[in-house]
Amino acid sequence: MTSSELLIDAFGRVQDSVRGATEGLSEEQLAFRIDPGANSIGWLIWHLTRIQDDHIADAAGLDQVWISGGWDKKFGLELDRLSTGYGHTSTEVAKVRVSAKNLIAYYDAVHEQTIEYVSGLTDADLPRVVDTAWEPPVTLAVRLVSVVHDCMEHVGQAQFIRGVLQRAGA
């Protein structure tokens, strides 16, 4: 298995998990918060998708799907256009009210761009520094693993909330 194939598999698992966490849920269920300071399923999936979109686009030198695909307008969120959710307050989390259809479609579009990019990578590409704001500087390999990790962590949180909803019969 090549590095590229490994990344394709990892991002494929994220896509499967995103679908499993969101399909069939209403906008109200996606907005449900276990307590007022908690994140919702909708926010978690939107956020992980925004982070994947932002980080992959930056590393690949591409436009974010959020903008190029018009998703910022389709979602119509009352947030800064380039917001990824990083550092959001409870009030900002509450502003992310989305449909499962749009959430999954946006994730699928980001996934498509991600797979197209990682499909062309070779081992020689992975040591390239993509972010000098950290010490040590972040390589492409570290950035891609970080994105997969962040996505799986957040989708796991979303799946937990879905389980709470199902147990409550909501």
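Modeller: Asp-9 counts as partly exposed, because its relative accessibility is 32%, which lies between the 20% limit for buried and the 50% limit for exposed; please bear in mind that the model is predicted. The partner of Asp-9 is Arg-13, with which it forms a salt bridge whose closest N and O atoms are 2.7 Å apart. Both residues belong to helix H1 (residues 3–22), where they are four residues apart, or about one turn of the helix.

H1 itself has 20 residues, and the distance from its first C-alpha to its last is 29 Å, close to the 28 Å expected at 1.5 Å a residue. Its buried residues are Ser-4, Leu-7, Ala-10, Phe-11, Gly-12, Val-14, Gln-15, Ser-17, Val-18, Ala-21 and Thr-22, and what covers them includes H2, H3, H7 and H8. Just after H1 comes Gly-24, with a positive phi of about 80°. Most residues other than glycine have a negative phi.

Let me follow the covering helices in turn, starting with H2. Glu-27 forms a salt bridge with Arg-97, with 3.5 Å between the closest N and O atoms. This pair links distant parts of the chain, since Glu-27 lies in helix H2 (residues 27–31) and Arg-97 in the loop between helix H6 (90–94) and helix H7 (100–119), 70 residues apart. Both ends count as partly exposed, Arg-97 because its relative accessibility is 39% and Glu-27 because its value is 34%.

H3 and H7 can be taken together. The axes of helix H3 (residues 41–60) and H7 come within 10 Å and cross at roughly 25°, so H3 is roughly parallel to H7, the limit for that term being 35 degrees. The crossing in which H3 passes H7 is left-handed. On the H3 side the residues making the contact include Ile-45, Trp-46, Leu-48, Ile-56 and Ala-57, and on the H7 side they include Leu-103, Tyr-106, Tyr-107, Val-110 and Tyr-117.

The remaining covering helix is H8 (residues 140–168), which has 29 residues and reaches 42 Å from its first C-alpha to its last, close to the 42 Å expected at 1.5 Å a residue. A salt bridge joins Arg-143 to Asp-131, the closest N and O atoms being 2.9 Å apart; here too the pair links distant parts of the chain, with Asp-131 in strand S1 and Arg-143 in helix H8, twelve residues apart. Asp-131 counts as buried because its relative accessibility is 19%, just below the 20% limit, and Arg-143 is buried with a relative accessible area of 10%. In the loop between strand S1 (129–131) and strand S2 (138–139) lies Pro-136, which is joined to Glu-135 by a cis peptide bond with omega at about 0°. Most peptide bonds are trans. H8 is followed by Gly-169, whose phi is positive, near 75°.

To close with the charges: eight salt bridges are found in a search of the whole structure, and Arg-19, Glu-23 and Asp-108 are linked in a network of such bridges.

Technical notes. Residues numbered from 1 in each chain as written. Predicted model: local features only at pLDDT ≥ 70, side-chain atom pairs only at ≥ 80, totals over all residues. Heavy atoms only, no water. Helix = DSSP H or I, 4+ residues; strand = E, 2+ residues; numbered from the N terminus. Expected span 1.5 Å × (residues − 1). Salt bridge = Lys/Arg side-chain N within 4 Å of Asp/Glu carboxyl O. Buried < 20%, exposed > 50% of the residue type's maximum accessible area, 1.4 Å probe, protein only. Axes fitted to C-alpha atoms, helices over the stretch in contact; angles between N-to-C directions. Parallel < 35°, antiparallel > 145°, perpendicular 65-115°, else oblique. Left-handed = near helix turned anticlockwise from the far one by under 90°. Contact = heavy atoms within 4.5 Å.
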